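Here are my notes on this one, as numbered points. Have the model open while you read, and click along as the residues come up.

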Amino acid sequence: MKVTRKVWFQVGVGVLLTLLIIKYFIEIHWIFSPLVIILKAIFVPLLLGGVLYYVTEPIQRFLEKRRFPRWGSILTIVFGLIAMVGIFGWIIGNPIAEQVNKLVKNAPMISTSISTSIQQLTDYVTQNKDNFPQQLNDVIEKMANSVQDIAVVASRGFVSFLQSIVSVSLLAILIPFFFIFMLKDHEKFAPSIYKYFSGERQQWVKKTLSEIDDVLRTYIQGQLQISFLLALIMYVGYLIIGLDYSLLLVIFAFFMNMIPFIGPWIAFAPALIVAVIQDPILVVWVSVVTLVAQQIDSNFITPNVMGKSLDIHPLTVITIILAAGNIAGFIGIIIAVPFYAVLKVIVSNIYDQRNAIKKKATKSV
């Protein structure tokens with residue numbers, strides 16, 4: 001009987017039961033297929049609507065403290081967002097259009113330059129293949145096979161493009177729907193869950209939901225601020241060094257910077273390619289700009305914006321992102337860190353509740 005009270009035994013039983021549940025769930029997955037299809041359809045618009053909600057919720061709170069009615073605050077936020085997008089488009093619309101036109105005009109030259117560089121590299125490798133170690137030849141062969149696979153995937157691009165148009169149209173309809181209803185009824189979400197509990201359990205659920213809300217708000221608002229400031233620093237740096245397509249590169253960097261640690265290096269890749277084509281010496285300056293932006297971010301921006309609110313080690317973040325990317329692709333990379341933070345809150349609260357119950361039971365005895 002004493003063995004069953006050991007923590008390691010209880011954890012082991014819990015792990016085994018979880019694995020059994022997962023096993024049987026996989027075996028009868030066809031029952032849940034309609035539910036999975038529905039969840040996939042609404043997941044992205046729900047996610048983006050939630051991001052917009054957490055960005056604008058402080059504005060709504062501010063307006064309602066000034067005696068704005070709920071419908072008035074929602075209309076103010078919606079029209080404010082529309083106006084902001086319009087002003088933003090008016091200010092940077094022409095520069096973006098010019099850079100896009102320039103990119104389209106220079107696309108054949110860029111493509112030829114890249115193809116020539118690849119061909120030169122291929123010729124050099126072919127001519128000197130016998131001088132390379134066997135391990136390096138194996139790596140080169142794998143890379144060549146990967147290039148062929150990429151070419152096969154690229155041939156299906158037109159169909160994917162058409163599917164993307166349909167998906168974007170659906171998102172344009174659903175995102176405002178979720179966003180407006182979140183602004184309208186966000187106070188009703190938590191009570192609709194903890195009303196099914198009573199006593200101390202209800203207080204525990206209420207506390208857990210409140211902490212999850214705080215974690216998501218901190219992460220989303222903080223990550224957007226960090227992304228904006230990093231993009232601004234990089235834009236100033238690109239202008240100083242005279243890099244082509246700097247505005248397009250910075251807009252891409254803004255979205256990539258939302259991925260902690262890895263995102264800025266993803267944004268670095270296209271800037272590096274543009275620098276190589278424009279002037280090889282710019283590679284050094286683009287690297288310097290990226291390094292300076294990263295140092296400012298890690299030493300000043302992130303500590304002051306995020307603080308230690310999430311309390312997640314950088315190595316843990318990188319591991320989670322890499323694992324999520326392999327499991328769920330780009331969407332997995334985006335949601336990995338907030339999902340882990342939410343899971344950490346839930347597990348931490350379960351552990352605290354378990355200790356409280358154990359302490360109370362021991363005290364009673």
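1. Let me start in a loop. Tyrosine 245 is buried, with a relative accessible area of 9% (buried means under 20% relative accessible area, exposed over 50%, and partly exposed in between, with a 1.4 Å probe and protein chains only). Tyrosine 245 sits in the loop between H6 and H7. Its phi is near 55°, a positive value in a residue other than glycine. For background, most residues other than glycine have a negative phi.

2. A word on what you are looking at. This is a predicted model, in which local features need pLDDT of at least 70 and side-chain atom pairs count only at pLDDT 80 or more, while totals for chains, interfaces and linings use all residues. Residues are numbered from 1 along each chain as its sequence is written, and side-chain values use heavy atoms, with hydrogens and water left out.

3. Now the overall picture. The protein has 10 helices and 0 strands; both are DSSP runs numbered from the N terminus, helices being H or I of at least four residues and strands E of at least two. Of its 365 residues, 24% count as buried. The protein exposes about 25,200 Å², and carbon and sulfur atoms supply 72% of that (areas come from the Shrake-Rupley method with a 1.4 Å probe, and for residues only the protein chains shown count as cover). Among contacts between residues at least 6 apart in sequence, 70% join residues at least 24 apart; a contact here means heavy atoms within 4.5 Å.

4. Which residues touch the most other members of the largest nonpolar core? They are Tyr238, Ile241, Leu243, Leu249, Ala271 and Val286, in a core of 22 residues. By nonpolar core I mean a set of buried Ala, Val, Leu, Ile, Met, Phe, Trp, Tyr and Cys residues joined through side-chain atoms within 4.5 Å. Helices H6 (199–241), H7 (246–256), H8 (263–278) and H9 (282–305) each supply at least two residues of this core. H6 gives the most, with 6 residues.

5. Tyrosine 238 is worth a click. Beyond its neighbours within four places in sequence, tyrosine 238 contacts Leu243, Ser246, Leu249, Val250, Ala271, Val286, Val289 and Thr290. There is also a second, separate core of 21 residues, whose members include Tyr53, Phe179, Val215 and Val317.

6. Next, H6 against H7. Two packed helices are described by the angle between their axes and the distance between the axes. H6 and H7 pack at about 160° with their axes 9 Å apart (axes are lines fitted to C-alpha atoms, for helices over the stretch in contact, and angles run from 0 to 180 degrees between N-to-C directions). That makes H6 roughly antiparallel to H7; the cut-offs are under 35 degrees for roughly parallel, over 145 for roughly antiparallel, 65 to 115 for roughly perpendicular, and oblique for the rest. Residues making the contact include Phe228, Ala231 and Tyr235 of H6 and Leu247, Val250 and Phe254 of H7. The crossing is right-handed (a crossing is left-handed if the near helix is turned anticlockwise from the far one by less than a right angle, and right-handed if clockwise).

7. H7 and H8 pack at an angle of about 160°, with their axes 8 Å apart. They are therefore roughly antiparallel to each other. This crossing is right-handed. The contact involves Leu249, Phe252, Ala253 and Met256 of H7, and residues of H8 including Gly263, Pro264, Ala267 and Ala271.

8. Not counting residues up to four places away in sequence, serine 227 touches Phe254, Asn257 and Met258. Leaving aside neighbours within four places, threonine 208 contacts Val345, Ile346 and Asn349.

9. Last, a glycine and an arginine. Glycine 50, in helix H2 (residues 29–65), is buried at 11% relative accessible area. Its C-alpha is separated by 9.6 Å from that of leucine 183, 133 residues apart along the chain. Arginine 67 lies in the loop between H2 and helix H3 (70–127) and is exposed, with a relative accessible area of 78%. Arginine 67 has a positive phi of about 70° although it is not a glycine.
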